[in-house]
Every structure is written in structure tokens, then in C-alpha cells.
Amino acid sequence: MIRRLKYHEIDFEKYSQCIENSAQRKYSATKPFLDLTSGKKWEVLVLRDYEAVMPIPYVMKLVFKIVQNPRLCQQLGIYSKLDDKKINDSFFNFLSKKYIVRYYAFNDSNEFSFQLNFRKNYLILPDSYENVYSKFSPKRKRKLRTDPEILKDMHIRKISFKDSELFIRNTLKGADKARDIAKYISLFEMLYSNDCLFFEGLYYQNEIINIIAVYTDEKTAVLLGTFNHQDYVKLAGASILIDKVLRETVEHKIFDFEGGNLPNLDEFFRGFRPEMKPYFYISNNAKDLIRTTIKKYLKI
């Protein structure tokens, strides 16, 4: 039996145990991450006594609750000890019947008895750095062999949100409106303030030319943002920074590239020879949402 629990009704100890012991474990389904990215606007579907859970984030539009993955939250879906198509189908049907869904992404381990649209994501599973590096494409390895004359004018260091903010604002891609940019910046600030996000900066001749934003927990390091000065793209600063984080974390943590739809991003990620892990999603346009809302709430 699947139950729908509002935020204040959730047993967070049982919820967290289910997530951490699940076959599908994702950082993005943990309470701390969801609380910050959704502003605590999420509830959960629960099978029996937390044998399986499905977090459901939402936004309010007038009086309507619209399901939508928060910014920076790529995958959610169903979590259980073993991924089971029948259980997943039941959760999917519950979601479809009881909610108005704008966009919801399942996790890359969720399988269903029917076909859904999917998106790509890339992971590097824990391994020695030497083994990981050996799999890099020849092109990626060449880019990491920086000319000594250039290298002497370069240095890398972790930098604060305050020192990163202006550069990120000026180079953020994928957010078309000033309001969207402000929301992403606010999320980065909250995650940084809660000690789960750090920024690595690459300086060339004492000027920042690249920054990456990396979210971390005990099991995962996640590339939440890559920001590049267009005048220095040939110096391959993003590759240098990602390589540094891999060197420091990949032996003990999954490295999650978080995917993306920008041109050339797919090719860039594949140069590190990660494992491609597609995930299913539901997406409805404005017309579909209006039709669903009318059916569900006005009984027409």
C-alpha cells in the first residue's frame, strides 16, 4: 500500500535509512539536499513501513501543487533495497493519478515495464585515480599536459562563494533570464553556507579563468557547475580542475558529472571516459498541465 505523506508527516529517520540502504542511492534524494533546493516544499510516497520511498518536490501555482524537480536536483525517483519494476510501476501510476506533473526525473537505476523518455548522465565509479586516468581519451590527456611556460603562471585553489559569485554571474550558461541566474546563485550560496559545496578556481596570471562548483557528501562528488572565461578556453582549465577533484575523491566516491543539454557538453564529459547512465523522466508542457488541472480539480 502506497501512502502520501506531507512534509510534517514524514519520519525522516526511516526515510533516510531507506535512501542510504537502497539499491538506487542518490545524494539528490537526501533530506539535506532536498530541503535546501526545494525550500522544504516536498512530500513523499511511502510503500508500507518505508520499504520504498519516492520524494515528490513541488511548486505552488495559485492554489495548485505542481510537481517539478528543483534547480540543481537532477534525479529523484523510487528508492528500495532492490529495484523492482512492479513496485516502480505502482509508484509511477500513483504519481500520474494523484499529482499534476510539470517535470519529474527518476533515478538511473529505476526500471519500468513500459518505455519512457530518457536523458543522459555520466558517472565515474570509485576506483584508483591511476585506473581512472588511464581511461581518459587521448585528447583529454593532451589537454591536461599544460605547457611549462603557461603552467608557471597558473595556480589552483579553493575559493569562497563571495570570491566566486561575480565570475559565476558573468559566465553562467543555461539560464536565460536574470531571475533564473539569481536563483541559481542563491542556491549555490545556500549549499556553500551549509558546508556541502566548494568552489575550485583556476588562476592564470592572477586572473580567475575557470571555476567549478562541486557538491559532496560521504559517497558522492557532484559537478554542479562549470564556469569558463571564453578568452582562455584553449587552456583547458575546466579539464584541469575536474582532474584535480578526481585525483582527490574518486578512490572513495562516485564522481557525478550531472549531464546537461548544452552544445559540446556531452563530448566534453565523454573525454573522461565515464559510464553513461540514462535516467527516465516525465515532462508536460503548459497546455498539458492546464488540461490535467481541469480534469483533476474541476471534474470536467
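Glu 200 pairs up with Lys 244 in a salt bridge, with 2.9 Å between the closest N and O atoms (a salt bridge here is a side-chain nitrogen of Lys or Arg within 4 Å of a carboxyl oxygen of Asp or Glu). This pair links distant parts of the chain, since Glu 200 sits in strand S10 (residues 197-204) and Lys 244 in helix H9, 44 residues apart. Helices (H or I, at least four residues) and strands (E, at least two) are DSSP runs, numbered from the N terminus. Glu 200 is buried at 0% relative accessible area, while Lys 244 is partly exposed at 21%; buried means under 20%, exposed over 50%, and partly exposed in between (1.4 Å probe, protein chains only).

Keep in mind that this is a predicted model, where local features need pLDDT of at least 70, side-chain atom pairs count only at pLDDT 80 or more, and totals for chains, interfaces and linings use all residues. Residues are numbered from 1 along each chain as its sequence is written, and side-chain values use heavy atoms, leaving out hydrogens and water.

The whole structure holds 18 salt bridges. Another one joins Arg 4 and Glu 43 (2.9 Å, N to O). Arg 4 is in strand S1 (residues 2-5) and Glu 43 in strand S2, so this contact ties together parts 39 residues apart in sequence. Glu 43 is buried at 2%.

Now for the loops. Ala 236 has a positive phi of about 60 degrees despite not being a glycine. You'll find Ala 236 between strand S12 (220-228) and helix H9 (237-249), and it is buried at 9%.
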